[in-house]
Amino acid sequence: MSALFEPYTLRSLTIPNRVWMSPMCQYSAAESGPDTGAANDWHFAHYAARAVGGAGLVMVEATAVSPEGRISPADLGIWNDTQTTALRRVTEFVKAHGAVPAVQLAHAGRKASTGLPWRGGAPLGADEGGWRTSAPSPLPFGEGHPVPDELSTDAMAAVTRQFADAARRALDAGFEVAEIHGAHGYLIGEFLSPHSNHREDAYGGSFENRTRFALEVVDAVREVWPSELPLFFRVSATDWLEAGGWTASDTVRFAAELRAHGVDLLDVSSGGNAPGVRIPTGPGYQVPFAARVRAETGLPVAAVGMITETEQAEKILANGEADAVLLGRALLRDPYWTRRAARELGRDPEVPPQYARGA
Ligand SMILES: CC(=O)[C@H]1CCCN(Cc2ccccc2)C1
């Protein structure tokens with residue numbers, strides 16, 4: 001009996017196993033012209049390989065709900081029909097090979113408009129194709145970052161609508177799971193944390209006020225997303241700041257709210273809202289945050305962060321620390337990680353599921 005290869009049902013969707021592909025930016029979409037932000041052969045090959053490799057859920061990278069919500073000019077987007085059509089090629093192949101296609105809906109906030117990581121990832125000036133960024137407060141992410149425009153409540157309402165429109169397009173594109181990106185110091189996470197949210201209106205100050213925007217986005221997406229399909233939320237469990245940041249206790253309290261608003265699973269990462277903080281990275285270093293949310297709120301959780309070995313992943317589930325594991329770099333290194341794990345655990349299907357079904 002292996003926990004990793006037990007199917008998992010959320011609402012009316014059954015995910016064939018607990019080994020899921022974590023969203024990882026590829027920065028490989030066209031940066032200009034009619035195909036801006038559209039998935040191309042790179043994205044198809046990248047996601048198809050991990051579906052064939054046996055991952056039970058393949059989550060497409062942070063996909064921007066608007067042009068200005070992109071981290072870089074090469075990000076995927078889902079703000080128009082061309083992009084929706086291009087993504088359908090990915091979801092259809094993923095489904096045909098027995099995996100669940102998921103997509104992470106994102107807005108980068110004050111961390112938007114940056115260059116490709118392999119060219120340094122620095123903020124882009126207007127002369128380099130950059131654009132003005134926006135955030136809850138006029139506080140730059142760090143050294144060398146521009147001061148973002150403070151979002152008006154009207155502008156926030158427009159972003160909320162963009163998330164809802166993106167969810168509708170994601171459904172049209174064939175995705176069966178949508179994840180709202182509330183982590184890593186991007187827009188929604190910027191509202192949650194007192195480190196980046198210094199607003200004095202109904203969206204700043206108290207915990208209720210700082211979580212208000214995130215819950216408005218969740219409500220708007222949940223309204224569009226079918227009731228029979230699961231909705232995920234990615235949170236940074238902590239800013240890793242000594243003081244003045246978002247903490248693990250905030251995350252537990254927020255998880256209960258997310259559950260009440262119809263989020264079905266919390267994807268528990270950390271960090272990204274303050275540069276230069278010391279993060280004690282190591283194998284499974286974020287698992288304790290997921291385990292705490294699961295134990296204290298009962299909300300299903302996925303653990304992510306340096307999970308690379310079969311035994312390690314199996315133990316996380318067997319110990320009840322999480323309901324699924326999200327693999328990032330491990331799946332970059334080995335698209336077939338899941339099939340190897342199945343073999344190691346004696347669960348190698350004689351006939352791959354898509355053929356067993358007589359598909
Ligand atoms: C979109 C996203 O979450 C990605 C973009 C590329 C860097 N990734 C790495 C990252 C992890 C945790 C905190 C900050 C950064 C995050």
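The count of salt bridges in this predicted model comes to 15.

| Salt bridge | Closest N and O atoms |
|---|---|
| D264 and R11 | 2.6 Å |
| R222 and D264 | 2.9 Å |
| D334 and R340 | 2.5 Å |

**D264 and R11.** D264 pairs with R11 at 2.6 Å. The two residues sit in distant parts of the chain, 253 residues apart. D264 lies in the loop between helix 6 (248-260) and strand 11 (265-269). R11 lies in the loop between strand 1 (8-10) and strand 2 (13-15). Is D264 buried or exposed? D264 has a relative accessible area of 12%, so it falls under the 20% cut-off and counts as buried. R11 is partly exposed, with 36% relative accessibility.

**R222 and D264.** D264 also forms a salt bridge with R222, with the closest N and O atoms 2.9 Å apart. R222 belongs to helix 5 (residues 207-224), while D264 is in the loop between helix 6 and strand 11, so this pair ties together parts 42 residues apart in sequence. R222 and D264 are both buried.

**Network.** Which residues do shared partners join into one network? They are R11, R222 and D264.

**D334 and R340.** D334 forms a salt bridge with R340, and their closest N and O atoms are 2.5 Å apart. D334 has 14% relative accessibility and therefore counts as buried.

Definitions and conventions
Residues numbered from 1 in each chain as written. Predicted model: local features only at pLDDT ≥ 70, side-chain atom pairs only at ≥ 80, totals over all residues. Heavy atoms only, no water. Salt bridge = Lys/Arg side-chain N within 4 Å of Asp/Glu carboxyl O. Helix = DSSP H or I, 4+ residues; strand = E, 2+ residues; numbered from the N terminus. Buried < 20%, exposed > 50% of the residue type's maximum accessible area, 1.4 Å probe, protein only.
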